[in-house]
Amino acid sequence: MKHMKVFVTGAAGYIGGSVAARLVSAGHAVTGLTRDHDKAAKLAAMGITPVVGTLDDGALLSSIARDVDSVINAASSDHRAAVEAIIAGLSGSGKTLLHTSGTSVIADDAQGAHGAGIVFDESTPLVTPPQKADRRVIDQLVMSAAAQGIRSAVICNSMIYGVGHGVARDSAQIPLLAAMAREFGVVRVIGKGRNRWSNVHIDDVVDLYLRAMHTTSPGAFYFAENGEASLAEIGEAIALRLGMPSVVEWGIADAARMLGRSRAHFSLASNSRVRAVRARQELKWAPRHGSVQDWIRDEMPVRSKPTCT
Ligand SMILES: NC(=O)c1ccc[n+]([C@@H]2O[C@H](COP(=O)([O-])OP(=O)(O)OC[C@H]3O[C@@H](n4cnc5c(N)ncnc54)[C@H](OP(=O)(O)O)[C@@H]3O)[C@@H](O)[C@H]2O)c1
């Protein structure tokens, strides 16, 4: 397989770091963006060429994009100017751009009360909450960059679990629930925790990025999931793993006060249910993991830094 030059934004983050680590081990030459000099040194130690800068440095992003074969934007699903700068750098080149999105673009406002949200696949018209409309616009920008001669694709991740392979080891939702459980001595779920999220193991996510980098069709949109669980089921597994009693219910207003509205309503209390039909069919992606509860019960780190506030 041809070795490529790849630029990864968020290279010190959970998703970007895990993808970058795999790219390095596959022999690709990886340049990684970080804002932090200490993390830059850690990237260098992993064999990644660090570039210290931010997503606001449009000229820098465009210029690096022009110099590489592929760009993987994993620093943020919500930074439109960065996406525009990368597209400007890649325009007309036939090179690959993979953009990281998230399935809160189809989240509802169930507040933990029910699990009856729509199950979306790539052929289902998306229903995007107004608070996530800007994220959806960015996804569409990336898809329509195909018309400018870019092999662009959006990977729309559900709840990612598993230990990362880069500088950042923790994902978002499950480490947050576990950190809160350690702080309060009990696992809290919002409302009744009946709301359901699709989920996907980080190693399967990394497989998907590498497959898409090599074989995506231009303008594609791929959901990423390898299973689904309710937040109560996830909470029960965390309680078992941490040796705590069963979950307790938590009011949405209290949760929003403590975590902020977006994390309470969208990250933890919504339904976000998808099926990754297209990646399985088109990229022959075959995720190896299937049960987030099994991973939590058997493998979730029992101690890690609290990140709940
Ligand atoms: N984890 C999930 O389950 C999941 C699922 C779906 C979607 N997403 C979305 O995917 C994106 C990445 O998620 P993640 O879990 O990998 O997050 P993460 O661990 O926080 O990694 C993101 C990295 O991007 C870098 N970054 C953030 N803002 C930046 C900026 N303005 N300029 C330059 N670098 C910046 C940060 O690195 P430095 O501090 O080194 O600069 C950070 O380490 C987020 O937008 C997230 O909402 C995540």
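Analyst: Two residues are in contact if their C-beta atoms, placed from the backbone, lie within 7 Å. The model discussed here is a predicted one.

User: What share of the contacts with a separation of 6 or more joins residues 24 or more positions apart?

Analyst: The contacts considered in the protein are those with a separation of 6 or more. Within that set, residues 24 or more positions apart account for 79%.

User: What radius of gyration does the protein have, and why does it agree with a compact globule?

Analyst: The C-alpha atoms fill a box of roughly 55 × 40 × 35 Å along the principal axes, and the protein has twelve helices and 14 strands. A compact globule with 309 residues would have a radius of gyration near 19 Å, so there is agreement with the value for the protein, 19 Å.

User: Which residues have the most contacts inside the largest nonpolar core, and which residues does Tyr 209 touch?

Analyst: Buried residues make up 52% of the 309 residues, and the largest nonpolar core has 95 residues. Those with the most contacts inside that core are Ile 86, Ile 155, Tyr 209, Tyr 222 and Ala 224. When residues up to four places away in sequence are not counted, Tyr 209 touches Val 19, Ile 72, Leu 98 and Ile 155.

User: Is Val 206 buried or exposed, and which residues does Val 206 touch?

Analyst: Val 206 lies in helix H7, residues 202-215, and it counts as buried because it has 20 C-beta neighbours inside 10 Å. Val 206 and Asp 134 are 72 residues apart in sequence and 25 Å apart in space, C-alpha to C-alpha. Leaving aside residues up to four places away in sequence, Val 206 touches Ser 18, Val 19 and Arg 22.

User: Which element gives the most residues to the shell around the ligand?

Analyst: Of the 26 residues around the ligand, Gly 10, Gly 13, Thr 34, Arg 35 and Gly 102 come nearest. Two or more residues are given to this shell by helix H1 (14-25), strand S2 (29-34), S5 and strand S8 (159-161). By residue type, the shell divides into eleven nonpolar, eleven polar and four charged residues. The element that gives the most, with three residues, is H1.

User: Why are the buried residues of helix H2 on the same side, and which strands do they pack against?

Analyst: In helix H2, residues 37-45, the buried residues are Lys 39, Ala 40 and Leu 43. They cover an arc of only 105° around the axis, and therefore lie on the same side of H2. On the other side of H2, His 37, Asp 38, Ala 41, Ala 44 and Ala 45 are exposed. The buried residues of H2 pack against S2 and strand S3 (49-52).

User: What is the phi of Gln 111, and is the residue buried or exposed?

Analyst: Gln 111 is found in the loop between strand S5 (96-102) and strand S6 (119-120), and its phi is near 55°, a positive value in a residue other than glycine. Because Gln 111 has 21 C-beta neighbours inside 10 Å, it counts as buried.

User: What is the phi of Lys 284, and is Lys 284 buried or exposed?

Analyst: Lys 284 is placed in the loop between helix H11 (277-282) and helix H12 (292-298), and its phi is near 55°, a positive value in a residue other than glycine. With 9 C-beta neighbours inside 10 Å, Lys 284 counts as exposed.

Terms used: Residues are numbered from 1 along each chain as its sequence is written. This is a predicted model: local features need pLDDT of at least 70, side-chain atom pairs count only at pLDDT 80 or more; totals for chains, interfaces and linings use all residues. A nonpolar core is a set of buried Ala, Val, Leu, Ile, Met, Phe, Trp, Tyr and Cys residues joined through C-beta atoms within 7 Å. A residue is buried if 20 or more other C-beta atoms lie within 10 Å of its own, exposed if 12 or fewer, and partly exposed in between; C-beta atoms are placed from the backbone. Helices (H or I, at least four residues) and strands (E, at least two) are DSSP runs, numbered from the N terminus. The radius of gyration is taken over C-alpha atoms; the globule rule is 2.2 Å times the number of residues to the power 0.38. A residue is near a molecule or strand if its C-beta atom, placed from the backbone, lies within 6 Å of it. Ala, Val, Leu, Ile, Met, Phe, Trp, Tyr, Cys and Pro count as nonpolar, Asp, Glu, Lys and Arg as charged, and the others, Gly among them, as polar. The arc is that of the directions from the helix axis to the C-beta atoms.
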